[in-house]
Amino acid sequence: MLIPLALVTIIWGSTWLVIRDQLGVVPPSWSVAYRFLAAGIAMLGVALWRREKLAMDARGWGFAAALGLAQFCLNFNFVYRAEAYITSGLVAVLFALLVIPNALLGRLFLGQRLGVQFWAGSIVAMAGVGLLMLHELRADASATGATALGFLLTGIAILSASVANVMQAGETAKRYPMAAMLGWSMLIGVGFNAVFALATVGAPVFDTRPGYILGVLYLGIFGSAIAFTLYFGVIRVIGPAKAAYSGVATPVIAMLLSTLFEGYRWSLLAAAGAALAGVGLVIALRARRPNR
């Protein structure tokens, strides 16, 4: 499970830079819709290649709709909007907190018990995340109102993602082929996004820049179709709490890429935070699987 989790971490660590480039001409809701239109088509193509059954019963369609709303509409709409108020690095850092609601919801709805080693690793990793957050806040201490709004939007995105994660770890999700379920969920999410966009910002807008088009394809195919297939597969094996630790390492990847492409400058505080996050990740992932 470490290889799929590492691939997800690397892919999602790179998406924050691409999302930043998506903000501008196209309203966030339409950018999210385009992203999951590409992802949904790709996933259904994979399902056909695997000869998975595309038809589902009423329960399956209901599950797909709920997953599409939580994961592929609410989560990403709030993420894209949060990046308009705080840096992509800070959004990535905050998303490391996904491990907390995942653990709590997994315990509440799935009966997954998490041992002392997992929580010890969580405390160490969260301390590292806290140092990274402190560094980001010190770097942009002037825009406190915008920062608070960015925090709020990111928090809502985290809760939406956590609900979707726990849904994927449940028994209902396992009754349906993953590629087909993800493909339909993504396309249903496109419908939710399109309705919301029409109601709030009006008719579709598209940016014809090659960078924007390539960004949509990268986010749709790599950042969504491939990454979510790997991630939800990991969730079904080790549970949502431990799988969420990809979000602890993701900010470090995002900041390394920001160093290369955005001129991000590391401080002693940020380096210490990254080191603590890594140590906590290792401690937690070495814990025994949660009991169902």
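1. Helix 2 (residues 28-49) and helix 3 (residues 58-82) pack at an angle of about 130°, their axes lying 9 Å apart. Axes here are lines fitted to C-alpha atoms over the stretch in contact, with angles from 0 to 180 degrees between N-to-C directions. Helices are DSSP runs (H or I, at least four residues) numbered from the N terminus. On the helix 2 side the contact (heavy atoms within 4.5 Å) involves Pro28, Ser29, Ser31, Val32, Arg35 and Phe36, and on the helix 3 side Phe72, Phe76, Asn77, Tyr80 and Arg81.

2. The model is predicted: local features need pLDDT of at least 70 and side-chain atom pairs pLDDT 80 or more, while totals for chains, interfaces and linings use all residues. Residues are numbered from 1 along each chain as its sequence is written, and side-chain values use heavy atoms, without hydrogens and water.

3. The largest nonpolar core has 80 residues (buried Ala, Val, Leu, Ile, Met, Phe, Trp, Tyr and Cys joined through side-chain atoms within 4.5 Å). Phe36, Phe72, Leu182, Phe228, Tyr231 and Phe232 have the most contacts inside this core. Helix 10 (residues 210-238) supplies its largest share, 11 residues.

4. Ser224 is found in helix 10 and is buried, at 0% relative accessible area (buried is under 20%, 1.4 Å probe, protein chains only). Beyond four places in sequence, Ser224 touches Arg35, Phe36, Ala39, Met186, Leu219 and Thr229. The side chains of Ser224 and Arg35 make a polar contact at 2.9 Å (N or O atoms within 3.5 Å, one able to donate a hydrogen and the other to accept it).

Methods: Buried means under 20% relative accessible area, exposed over 50%, partly exposed in between (1.4 Å probe, protein chains only). Helices (H or I, at least four residues) and strands (E, at least two) are DSSP runs, numbered from the N terminus.
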